[in-house]
Amino acid sequence: MMKMNQKLMKIVLNKDSMRIEKEQDVVPFRNRVKENAVKIGMGVVNQTKLITAASELVRNMLKYAGGGLVLIEAITEGRDSGIRLTFQDKGPGIKDISLAMKDGFSSGKSLGIGLPGTRRLVNEFDIKSIFGEGTTVSIIKWKNG
Amino acid sequence: MDRIPILRMGHFLLVTIQIDLYDRLATNLESDLVQMVNKTGARGVLIDISALSIVDSFMGRILGNIGSMSKIMDAETVVVGMQPAVAITLIELGLELKGVHTALNVERGMQLLKERIGSDDEDESEADEDSFE
């Protein structure tokens, strides 16, 4: 995948952002993601996967960081088009990312399927976290991915 | 405050979720349902999620909780009408919806509930007011 990224550039076609501060923001946010996915003609199954992944990540952001900012972008790479979501928060950060990505691990009161489950639903998943400063999670779902 | 209506039909409680639930609404539904099971002595709970376009781990947990709580209160729970895309997503996410029965639609769900509590049929006919057959 790294090789492909070097050859093909990801071009942003449309940019949207939404601030998440409370649990009531979750449903409108999901709707916004859906609108963007529908706009590029994403099928129902991929839409559902993307929205579910988005829902998991936005809940994490609310639970651990009290909210943050989400960028919603329609992107293309070669012939592929898709949606990229970037979740940025200024929360406590994740101490051990590889542990957080393990199935069954949870520091909070949840099922522990959040991050690894979410990764399975999307095509690209990137997480960066600085302990004490915040976390940025970026996911891409291709229209035909 | 918004609430999801719970309908009583004989020994069963019926819930149709028509909108995407935000968290508070979902947790309210959970406690309302358990209280209704207690108050009405319902033997079965049927939850129709055909209008839900997504079920994330939070919603999955709520459904599982309703199932387990009702079970402790001696009632079976069946979730019906899940959209195919939701089922695909749930399994990839790693949620198996343990503790609840599932059925394709309301009709089959009702049938499943009736079969599940079928051994109590004699008792049912005694309680005229609750009889629906």
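The axes of α3(A) and α3(B) cross at roughly 50° and come within 9 Å. Keep in mind that this is a predicted model. At that angle, α3(A) and α3(B) are therefore oblique to each other. The crossing is right-handed.

Which residues of α3(A) meet α3(B)? On the α3(A) side we have A:V44, A:V45, A:T48, A:K49, A:T52 and A:E56. Facing them on α3(B) are B:A85, B:V86, B:I88, B:T89, B:E92 and B:L93. Sorted by class, the contact of α3(A) with α3(B) holds six nonpolar, three polar and three charged residues.

Next, bring in α5(A). This helix covers residues 114–121 of chain A. First its packing inside chain A. Helix α3 of chain A, residues 44–65, packs with α5(A) at about 155°. Their axes lie 9 Å apart. That angle makes α3(A) roughly antiparallel to α5(A), because over 145 degrees counts as roughly antiparallel. The crossing of these two is left-handed.

Now the contact list. From α3(A) come A:K49, A:T52, A:A53, A:E56, A:L57 and A:N60. From α5(A) come A:G114, A:L115, A:T118 and A:L121.

In α5(A), the residues involved are A:G117, A:T118, A:R120 and A:L121. They meet B:T89, B:E92 and B:L93 in α3(B). By class, that contact has two nonpolar, three polar and two charged residues.

The buried ones are A:G114, A:L115, A:P116, A:G117, A:T118 and A:L121. And what covers them? From chain A, the cover includes α3, α4 (97–100), β4 (124–130) and β5 (134–142). From chain B, it includes α3.

Over to chain B as a whole. Its secondary structure comes to five helices and five strands. From the N terminus, the order is β-β-α-β-α-β-α-β-α-α. Chain B has 133 residues, and 53% of them count as buried. Take its contacts between residues at least 6 apart in sequence: 72% join residues at least 24 apart.

Is B:E76 buried or exposed? Buried: its relative accessible area is 14%, and the cut-off for buried is under 20%. Its side chain makes a polar contact with the side chain of B:K71, at 2.9 Å. Now set aside the neighbours within four places in sequence. B:E76 is then in contact with B:R43, B:G44, B:V45, B:K71, B:H101, B:L113 and B:R116. B:K71 is on that list as well as being the polar partner.

Definitions and conventions. Residues numbered from 1 in each chain as written. Chains lettered and ligands numbered in written order. Predicted model: local features only at pLDDT ≥ 70, side-chain atom pairs only at ≥ 80, totals over all residues. Heavy atoms only, no water. Axes fitted to C-alpha atoms, helices over the stretch in contact; angles between N-to-C directions. Helix = DSSP H or I, 4+ residues; strand = E, 2+ residues; numbered from the N terminus. Contact = heavy atoms within 4.5 Å. Nonpolar A, V, L, I, M, F, W, Y, C, P; charged D, E, K, R; others polar. Parallel < 35°, antiparallel > 145°, perpendicular 65-115°, else oblique. Left-handed = near helix turned anticlockwise from the far one by under 90°. Buried < 20%, exposed > 50% of the residue type's maximum accessible area, 1.4 Å probe, protein only. Polar contact = N/O pair within 3.5 Å; in protein donor to acceptor, adjacent residues only side chain to side chain.
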